[in-house]
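Q: Please take a close look at the interface between the two chains. What does each side contribute, and which contacts join them?

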Amino acid sequence: MNCRKAEKWLLMSLDARLEGRGADLLAKHLEACPACRKAEAEYRSMLSLLRDGRDAEPLPRFWERLQPRLREETEIVPLLFWERWSLRAIPVFLALVVMIGGFLFLTPQAGELSQSAVLLLEDRDPLSETQALFEADKPETRTMMLMFASLDEKTTLRRPTP
Amino acid sequence: MEEKQLVRLAREGSPEAFEELVRKYQPKVFSMALSFTRNREAADDLAQEVFLKAYLALPRFHGKSEFGTWLYRISVNHIKDYLRKKGRAKEVSLEDVHEISFSDKEQTEKAERDREIESRRTLVQTFVGSLPEKYRIIVTLRDIQGLPYEEISRILKLSPGTVDSRLHRARRMLRVKLAPYLVAEGGTYELS
């Protein structure tokens with residue numbers, strides 16, 4: 001075993017992670033190698049010094065000093081939460097305004113109603129006009145009346161074809 | 001009361017349960033902060049901030065890991081942030097080390113012993129503090145805090161092999177730094 005490997009195994013043994021044959025080989029190497037024995041003593045000393053610092057006591061009244069800070073933070077957190085959400089709510093609110101505005105703008109107004117709808121709203125019979133057309137005696141008169149009626153509606157759908 | 005139960009009660013808003021958890025973990029969190037800052041006041045502040053963070057994050061802790069592991073992870077991340085903000089720690093002055101490693105002969109025996117213990121701690125902490133961050137964290141968690149390899153691996157989200165190799169390298173570096181201050185005395189090595 002070379003010293004490099006021995007150092008690795010030595011650290012494992014100091015962590016109680018080396019057993020059996022490995023531990024025997026390391027013990028044999030340490031017996032024969034003064035440099036590794038020195039390294040072992042130095043590592044032992046170093047680790048015991050490091051472990052000395054374990055669980056150092058904090059300054060007195062740790063919890064008593066922490067408690068008011070916890071209370072303070074828990075009061076601030078809901079405010080921060082609301083602040084964060086109110087910032088996110090601004091674009092949502094603007095989008096809603098645009099949607100409602102668009103809906104109101106695109107809804108057909110009373111002035112754009114068809115003639116039939118206007119007649120219905122005024123509680124008049126929309127068929128009475130048509131009835132008059134069909135009651136006309138001459139076909140020319142009927143055609144002319146239909147043409148004028150379609151011009152009044154401003155739509156090509158009802159225009160008669162010649 | 002079992003830790004899981006304490007955590008559950010603390011999540012539900014019981015200050016008594018959280019207090020018990022703080023009392024259990026405060027020395028560990030404090031000593032970890034101390035090994036990074038080498039200043040008791042700064043370490044105390046950091047420990048308080050860690051517990052504040054943990055308290056606020058408690059509703060998001062679902063018990064997938066142990067509470068201690070979770071708290072250590074918060075501590076390590078918070079200390080890293082602190083060190084990053086603070087900038088690189090002061091370089092170790094060997095003159096400072098000599099100064100603190102010698103005991104004051106005029107002190108009484110007990111005071112001298114206490115002082116010597118404190119000096120040793122400070123010396124080791126100084127050298128640990130001079131290691132690069134990734135090695136410093138691993139030495140602190142393993143050799144100062146005494147955490148098992150598996151837990152360190154979970155806290156740092158590193159493979160056990162990486163933890164092993166980093167720790168090995170860190171200990172070698174530390175031994176090289178500390179070696180001049182370790183002399184043989186009756187078969188054991190102590191600080192001069």
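A: In this predicted model, chain B and chain A bury about 4000 Å² between them, with 61% of it on carbon and sulfur atoms; buried area is the accessible area (1.4 Å probe) that two parts lose on being put together, summed over both. Local features need pLDDT of at least 70, side-chain atom pairs count only at pLDDT 80 or more, and totals for chains, interfaces and linings use all residues. Side-chain values use heavy atoms, without hydrogens and water, while residues are numbered from 1 along each chain and chains are lettered from A in the order written.

Contact (heavy atoms within 4.5 Å) links 45 residues of chain B with 35 residues of chain A. Eight salt bridges cross the interface, a salt bridge being a side-chain nitrogen of Lys or Arg within 4 Å of a carboxyl oxygen of Asp or Glu. The side chains of Glu42(A) and Arg175(B) form a salt bridge at 2.8 Å, N to O. On the side of chain B that touches chain A, helix 2 of chain B gives the largest share, 11 residues; helices are DSSP runs of H or I with at least four residues, numbered from the N terminus. By class, this side of chain B has 23 nonpolar, six polar and 16 charged residues; Asp, Glu, Lys and Arg count as charged, and Gly is among the polar residues.

From chain A, Leu50(A) touches Val124(B), Val128(B), Val139(B), Asp143(B), Ile144(B) and Leu174(B), leaving aside residues up to four places away in sequence.

Technical notes:
Helices (H or I, at least four residues) and strands (E, at least two) are DSSP runs, numbered from the N terminus.
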